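Subject: the structure I promised

Hi,

Here is the structure we talked about, ready for you to open. My notes on it follow below.

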Amino acid sequence: LVAALLLVAWVWVGLPARSEVRALATKSPERTRIMDERAEEARKKGRKARVAQSWVPLSRVSRHLIHAVLSSEDQNFFGHEGVDWKAIEESIGKNVEKGRFARGGSTITQQLAKNLYFGTRKTLGRKARELVVTRWLEADLSKARILALYLTLIEWGDGVYGCEAAARHW
């Protein structure tokens, strides 16, 4: 029991404030953990970090792009509450079969949580925290808002964040 409580406390300590997650319903973040991580990588390589990002409302994003992202990243986005347990089960099976991390099972909401708060390190602690924040995002934001944040924050190339910046850059 003590070990379980210590584990829960350890996961809890690494979480963002719940109010910070709730604020995403109306406020868009200026930076993400991924942006900070990429800036640190660039600094270590002795170069300046590039950050190209443009905010665009979901109503201005091509429906074809939205369908393409949903098809490739999370076909059940509108049918789950943040976690697609079937996709995770299939991912685990594939990873065990290959003997390595060959396939992910993260939903768009989980990817958003990772990008916003946790970075790219593959640890069980990060995944546990990501699951908590995923539940918060799904509870506090609409699916449209989650999708809008995802499409304007995810990395579409070195230092290129969001679909608008990607369209302009590429």
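From the N terminus on, the elements run α-α-α-β-α-α-α-α-α-β-α, which gives 9 helices and 2 strands in the chain. With a radius of gyration of 17 Å, close to the 15 Å that the globule rule gives for 170 residues, the chain is as compact as a globular protein of that length. Bear in mind that this is a predicted model. Along the principal axes, the C-alpha atoms fill a box of roughly 50 × 40 × 40 Å.

A few more overall numbers for you. Of the 170 residues, 40% count as buried. The accessible surface comes to about 10200 Å², and carbon and sulfur atoms account for 56% of that. If you take the contacts between residues at least 6 apart in sequence, 71% of them join residues at least 24 apart.

Now to helix H8, residues 143–153. Here 10 of the 11 residues are buried, so the helix is largely enclosed by the rest of the structure. Lys143 and Arg145 are among those buried residues, along with Tyr150 and several leucines, including Leu147 and Leu149. Thr152 also belongs to H8, and its relative accessibility is 0%, so it counts as buried. What does Thr152 touch, once its neighbours within four places in sequence are left aside? The partners are Gln53, Ser54, Trp55 and Val56 on the one hand, and Tyr161 and Gly162 on the other.

On to the charges. A search of the whole structure finds 14 salt bridges, and these are some I looked at:

- Glu81 and Arg135 form a salt bridge, with the closest N and O atoms 3.8 Å apart. Glu81 lies in the loop between helix H4 (63–73) and helix H5 (85–98), and Arg135 in helix H7 (residues 124–140), so this pair ties together parts that are 54 residues apart in sequence. Glu81 is exposed at 56% relative accessibility, while Arg135 is partly exposed at 38%.
- Asp36 and Arg31 form another, the closest N and O atoms being 3.0 Å apart. Asp36 is partly exposed, with a relative accessible area of 36%, and Arg31 is partly exposed at 39%.
- Lys86 and Glu90 meet in a salt bridge at 3.4 Å, N to O. Both lie in helix H5, 4 residues apart, about one turn of the helix. Lys86 is exposed, with a relative accessible area of 58%, and Glu90 is partly exposed at 37%.

There is also a network: salt bridges that share partners join Glu37, Arg38, Glu41 and Glu155 into one.

Cheers

Key:
Residues are numbered from 1 along each chain as its sequence is written. This is a predicted model: local features need pLDDT of at least 70, side-chain atom pairs count only at pLDDT 80 or more; totals for chains, interfaces and linings use all residues. Side-chain values use heavy atoms; hydrogens and water are left out. Buried means under 20% relative accessible area, exposed over 50%, partly exposed in between (1.4 Å probe, protein chains only). Contact means heavy atoms within 4.5 Å. The radius of gyration is taken over C-alpha atoms; the globule rule is 2.2 Å times the number of residues to the power 0.38. Accessible areas come from the Shrake-Rupley method with a 1.4 Å probe; for residues, only the protein chains shown count as cover. A salt bridge is a side-chain nitrogen of Lys or Arg within 4 Å of a carboxyl oxygen of Asp or Glu.
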